[in-house]
Amino acid sequence: MASLSRNTDMTDPHGQLETDDEIPVRRRRRQSRRFKTYCVIAILIACAFLGYFLFDVAYRAYPAFWQAKIHVTMRYTPLSVQQQNAAVTADKRPFVSRGALRTIPREATRNPQAEVKVRVDLEKGDPANPIQAIRPPEAAGSLTRQQLAKLIGSEGKDEIVAELRGEHELVIEKANRTPGQRWVWATDSVNTYLKAFQAATGQNEVTGPDATGTVSGAIQWGGWGKPDTEVTIKAKLLEFGREREAPKVLATRTLEPSTAEYELSYALNEIELGRLYVVQIEALANGEPVRRGMQPVLTDRRHRAEFVDIDLDPVDTSSIKWTHWRDEAPAAPPISYERQRYLRRLYLNGVLRRRFNDMIHTRETAWVPAKSDVDQYLQLPRRVRDGLRTLPQQIEGLKKKLANLSAESSNSTVEQKRQSLKSRLDKLQQDYTQYRRRTRLDAEARQQVHRLVKAGDIQFGFNYNFFTNGASTLPEHAGIFSATVGTVMVLGLVLAFSFPVGVLTAIYLEEFAPDNKLTQLIEVNINNLAAVPSILFGLLGLAVFIGGGLFLFDVDIRSTALVAGLTLSLKILPIIIISSRAALRAVPESIRLGALAMGATRWQTVCHHVLPQSLSGILTGTIIGLAQAIGETAPLIIVGLVAFVPAAADGMMSDTTVLPVQIFQWFSRSQPGFRGLTAAAILVLLAVLLTMNATAVLLRARFEKRW
Amino acid sequence: MSAGTVLILALLGIVPIAALGFFLGRRKPMAALADGQEFHSSPDYYGWYAVVWMFAPALAISFLILALQSMGVLEAVIGIERPGVLVLGAWIALPALLAWPIVRTIRPELRARIIVERVVYGILVLASLVSILTTIAITLSVLFEAIQFFTHPDVDALEFFTSTRWAPGSGWSAGGAASGSGQFGALPLFTGTFIITLIAMLVAAPVGVLAAVYMSEFAPRRIRRIAKPLLEVLAGIPTVVYGFFAAITVTPALVWLADGVDAYVLMPLNQALGVTGDQMWLLEATHSNGLSPGLIMGVMIIPFMSSLSDDVISAVPHDLRKGAHALGATDAEVVKRVVLPAATPGIVSAFLLSVSRAIGETMIVTMAASVQANQTFNPLDNMTTVTVQIVYLLTGDQKFDSAMTLAAFGLGLTLLVLTLILNVVASIVIRKFHQQYE
């Protein structure tokens with residue numbers, strides 16, 4: 001064969017190929033095959049990594065798309081409106097997400113169909129003094145004008161004034177009403193109270209306590225309790241005197257099943273109060289005591305009882321705390337008992353009314369998100385969950401066996417047996433500690449969760465919160481919505497800024513620029529800018545946009561979409577310029593020459609002929625640039641896009657976050673629930689990127705012209 | 001009224017005013033065209049002419065206001081501290097006022113086309129200057145703050161590059177509160193950056209080049225069509241995602257691996273050799289070691305390296321390959337002895353650009369590497385990098401002029417200079433390569 005040693009090609013700087021003569025061809029072929037194999041392996045490594053990586057992220061993300069939901073019976077009562085926790089029964093309360101507990105009372109008060117109105121009889125009068133014009137309806141009894149006026153909300157007052165001025169007439173509803181009669185909006189507190197006042201229909205008749213301290217009467221609740229729950233409640237009404245003396249039992253009675261705590265709160269509302277009463281509950285579920293009890297807030301002018309969980313067996317009155325109202329003004333005093341009674345009386349007399357009979361949003365039951373810890377526990381592998389349940393028993397059993405063995409006389413077989421038992425015990429204990437570390441629920445809570453699952457009260461549902469909510473400190477309520485809105489806004493800004501500037505620059509460099517030093521400088525500079533680390537763009541944004549923004553406007557544009565968009569625009573600009581230049585360069589010279597020959601100016605040539613021909617290429621480059629902008633994180637962290645954004649931003653100048661930054665923030669959180677959310681957000685981000693890149697590739701394939 | 005609403009109102013105002021000007025300017029020439037009267041340029045140009053002259057004074061006034069503001073005159077004379085609203089006002093009021101007078105100047109002999117095209121040319125030049133301005137702004141903003149940092153009383157410039165004690169925020173003022181100063185010896189940061197970059201390149205360079213060789217030399221067309229987009233997908237994955245993977249999957253795996261090696265290989269070995277106590281040779285991987293971000297950064301750079309190398313390998317003239325084949329060389333020999341040597345400058349340039357990218361990479365190391373500075377060459381130990389520290393220093397609640405914040409700009413300057421040198425050298429090398437074959 002011909003020797004390669006005489007190879008004088010300039011590209012072979014070594015020129016040391018003379019040894020090839022001595023190597024047999026077969027071996028050289030083998031070497032060649034081996035080399036090819038290495039290359040294939042390199043490609044396979046890259047692809048295998050991509051595959052494993054996607055699998056890993058998807059595997060971690062999967063649980064986040066599902067959420068344990070818990071079936072609760074909800075109570076919209078005055079108590080549940082004032083006190084979040086009271087809306088859900090105590091057995092499920094520890095497992096229900098705090099977010100859900102917060103929204104239930106809010107739902108109760110926000111029901112738009114449940115506006116409360118006050119009835120007034122309106123006379124002609126002076127608009128400046130509307131109180132003189134209103135007259136309490138006869139049914140209200142001793143109600144004075146002033147008292148009536150206090151019930152009327154600001155909207156209602158506006159309505160009355162407007163009618164007195166003759167601006168418009170309040171509609172007289174229903175034909176059978178007397179002519180002067182109007183219904184106007186009540187104040188917020190009346191509204192809140194009555195809206196939540198489910199049982200205000202006179203079904204509760206409780207009297208007492210009488211002189212002996214006995215409460216009598218019956219409480220009926222319109223279809224509330226779940227009949228299948230057999231819970232017996234014994235309540236003792238305890239009286240505190242004005243001084244802090246020991247409570248004494250006033251009455252003992254058995255109440256309706258299931259949700260006795262609410263009933264009790266009502267029972268208490270019915271009890272004439274001159275002093276402060278505290279209720280102690282003894283709850284028996286199927287004969288077994290239920291551990292948790294509760295104290296409703298009961299107030300008079302002097303005292304306030306705090307909510308305390310009292311341990312029910314044995315009854316220990318010392319666990320009830322109470323404080324004096326005088327010492328500290330409460331943040332938001334609930335409606336006092338007297339006022340509640342008063343409002344109810346008005347309602348029954350027909351002075352107040354709800355617009356619809358069933359105005360309270362009373363869903364009997366609902367599926368609400370369970371706490372993230374419950375969710376995490378239930379999504380553990382079955383092996384771990386079973387292990388958590390059975391391992392303690394196994395460990396106990398082994399320990400007993402060991403103890404029995406050690407009682408026996410020791411000989412070699414016993415010793416052997418003991419050794420094997422011990423190693424098994426060690427292994428089990430190791431497993432158990434490992435498993436225990438994977439959940440935050442203690443043994444008792446786990447048992448309860450299992451009981452709820454068995455009863456069908458916990459189920460898995462699709463995690464809609466993930467797509468509809470913004471940032472939250474609760475994993476079960478956190479979602480990517482506000483980050484998505486932020487990403488869209490930032491992308492819009494990037495597009496609005498870097499697309500025109502980039503394309504104009506490309507047009508200048510390709511079509512207009514003279515070949516001089518400045519042009520060369522710009523070209524070198526653009527290539528260079530494309531390789532500048534993105535974090536330096538963050539420093540630029542911090543120094544120029546935030547510093548400069550303060551210089552121009554009296555606002556802090558830190559962590560806004562505006563500063564993020566501007567910063568990313570500069571980062572993406574070189575990419576758009578380079579790809580647009582390539583697209584412009586691909587348009588053949590003959591088109592330009594033809595246009596020029598027809599008498600077009602250079603700008604007309606570009607604008608009418610070159611640009612339309614290269615538009616698909618430019619758009620492809622822009623999409624790829626935007627895809628890169630979506631994923632940028634570091635510069636945005638530097639310009640302060642790390643704000644906690646629970647609700648989607650409403651403009652360029654409000655606090656914003658974007659998807660990758662949200663991912664980073666979730667990653668930095670310690671709760672295990674956020675781990676899955678991070679992976680899920682990554683999946684969404686990757687899906688968006690993949691779609692964009694695929695669009696770019698398709699666009700290129702569809703519109704690419706071969707000249 | 002917030003600045004945001006002002007901005008939106010302004011944008012909403014400017015567009016209709018511009019459109020109005022355009023149509024007003026076009027009206028007369030259009031009518032004339034219908035009459036058969038000759039204008040110098042086509043009607044659209046008169047529309048644009050009107051728009052240009054409507055907004056030119058606004059632009060000039062804006063610059064004037066900004067100049068006055070930076071000189072402090074504005075505040076002294078009319079007492080306006082932030083002229084943003086004034087500027088935006090000028091952009092609405094002036095064009096609206098000027099629209100009619102300008103439209104009235106339109107006459108048949110007015111050479112609108114030439115004027116408009118000149119303005120367009122100016123706009124094109126301005127647009128292309130944005131990128132230069134960006135570079136200048138980056139350099140200056142980093143430079144100024146960095147100078148402030150190096151001349152800060154708490155900071156010793158020499159110590160910055162030679163000391164191994166990095167503890168920003170450890171200084172305490174007389175009052176007992178953290179003063180934002182501390183010890184700034186950045187050597188551990190540079191070491192960490194170097195080691196992690198080295199690991200990344202050890203992964204990326206061989207795999208990237210071999211993948212590029214396969215793609216451009218050996219791959220059948222069908223495989224190329226599948227594998228190339230796959231590599232592009234790999235290149236498009238955001239670094240925050242890689243960081244998550246490194247921290248959540250790779251680091252625990254490495255720790256587990258190191259423990260396993262300890263238990264099943266090194267411990268028996270130590271026992272066999274009779275080594276005990278502190279002398280025992282063990283692998284100890286920490287949970288924020290440098291190896292994991294290094295490896296993943298390498299994977300991140302593979303497609304970058306591979307596509308750059310692919311470009312240069314494809315640019316090697318086919319005659320060279322044909323010649324070598326004709327002389328009886330096998331495929332591998334052609335690649336190893338002819339194509340790769342020819343493409344060496346391009347591959348070196350790709351390598352340098354990749355190194356520059358690895359040095360500047362932020363999210364992977366922020367998520368997977370340590371925050372604590374630790375002067376070590378052991379990749380299994382805690383390690384921090386320049387970029388991690390920039391993020392760490394700038395996300396705190398320090399004052400803008402405290403030494404801690406300024407230190408971030410000092411590090412930024414180092415980063416800028418380093419990457420700039422690498423990029424420039426890379427571009428020089430690649431230009432040499434292209435000159436050779438084009």
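How many salt bridges are counted between chain A and chain B?

Modeller: The count between chain A and chain B is two salt bridges. The model under discussion is a predicted one, and the values that follow are computed from it. One salt bridge between the chains is formed by B:Glu333 and A:Arg28, whose closest N and O atoms are 2.6 Å apart.

On the side of chain A that touches chain B, helix α1 (residues 25-61) of chain A gives the most, with 19 residues. The residues on that side of chain A divide into 64 nonpolar, 11 polar and 12 charged. Between the two chains there are also 13 residue pairs in polar contact, with both residues at pLDDT 80 or more.

The extent of the interface can be stated in two ways. In terms of residues, 87 of chain A are in contact with 97 of chain B. In terms of area, the size of an interface is often given as the accessible area lost when the parts come together. For chain A and chain B the buried area is about 8,100 Å², and 78% of it lies on carbon and sulfur atoms.

The accessible surface of chain A comes to about 34,800 Å², with 53% belonging to carbon and sulfur atoms. Chain A has 707 residues, and buried residues make up 49% of them. Its secondary structure comes to 22 helices and 15 strands. Among the contacts in chain A with a separation of 6 or more, 72% are between residues 24 or more positions apart.

A:Leu346 is found in helix α8 (residues 337-349) of chain A. A:Leu346 counts as buried because its relative accessible area is 3%, and the cut-off for a buried residue is under 20%. Apart from its neighbours within four places in sequence, A:Leu346 is in contact with A:Leu143, A:Leu151, A:Val351 and A:Leu352. From A:Arg98, by contrast, A:Leu346 is separated by 248 residues in sequence and by 35 Å in space, C-alpha to C-alpha.

The second residue is A:Ser498, in helix α14 (residues 481-512) of chain A. A:Ser498 also counts as buried, because its relative accessibility is 0%. The side chain of A:Ser498 reaches the backbone oxygen of A:Val494 at 2.7 Å. When neighbours within four places in sequence are left aside, A:Ser498 is in contact with A:Val503, A:Ser569, A:Leu573 and A:Ile576.

Helix α14 leads back to the topic of salt bridges. Over all chains, a search of the whole structure finds 14 of them. One is formed by A:Arg581 and A:Glu510, with the closest N and O atoms 3.0 Å apart. This pair links distant parts of the chain, for A:Arg581 lies in helix α17 (residues 561-585) of chain A and A:Glu510 in helix α14 of chain A, 71 residues apart. A:Arg581 is buried, with a relative accessible area of 14%, whereas A:Glu510 is partly exposed at 22%.

A pair within one helix provides a second case. The side chains of A:Arg592 and A:Glu589 meet in a salt bridge at 3.1 Å, N to O. Both residues lie in helix α18 (residues 589-597) of chain A, three residues apart, which is about one turn of the helix. Here A:Arg592 is buried, with a relative accessible area of 10%, while A:Glu589 counts as partly exposed at 48% relative accessibility.

Chain B supplies a further example. B:Asp44 forms a salt bridge with B:Arg26, the closest N and O atoms being 3.2 Å apart. B:Asp44 lies in helix α2 (residues 43-71) of chain B and B:Arg26 in helix α1 (residues 3-35) of chain B, so this pair ties together parts that are 18 residues apart in sequence. B:Asp44 is partly exposed, with a relative accessible area of 34%, and B:Arg26 counts as buried at 19% relative accessibility.

Finally, salt bridges may share partners: in this way A:Glu510, A:Glu523, A:Arg581 and A:Arg585 are joined into one network.

Technical notes. Residues numbered from 1 in each chain as written. Chains lettered and ligands numbered in written order. Predicted model: local features only at pLDDT ≥ 70, side-chain atom pairs only at ≥ 80, totals over all residues. Heavy atoms only, no water. Contact = heavy atoms within 4.5 Å. Buried area = accessible area lost by both parts, 1.4 Å probe. Salt bridge = Lys/Arg side-chain N within 4 Å of Asp/Glu carboxyl O. Polar contact = N/O pair within 3.5 Å; in protein donor to acceptor, adjacent residues only side chain to side chain. Helix = DSSP H or I, 4+ residues; strand = E, 2+ residues; numbered from the N terminus. Nonpolar A, V, L, I, M, F, W, Y, C, P; charged D, E, K, R; others polar. Buried < 20%, exposed > 50% of the residue type's maximum accessible area, 1.4 Å probe, protein only. Areas by Shrake-Rupley, 256 points an atom, 1.4 Å probe, with all protein chains shown as cover.
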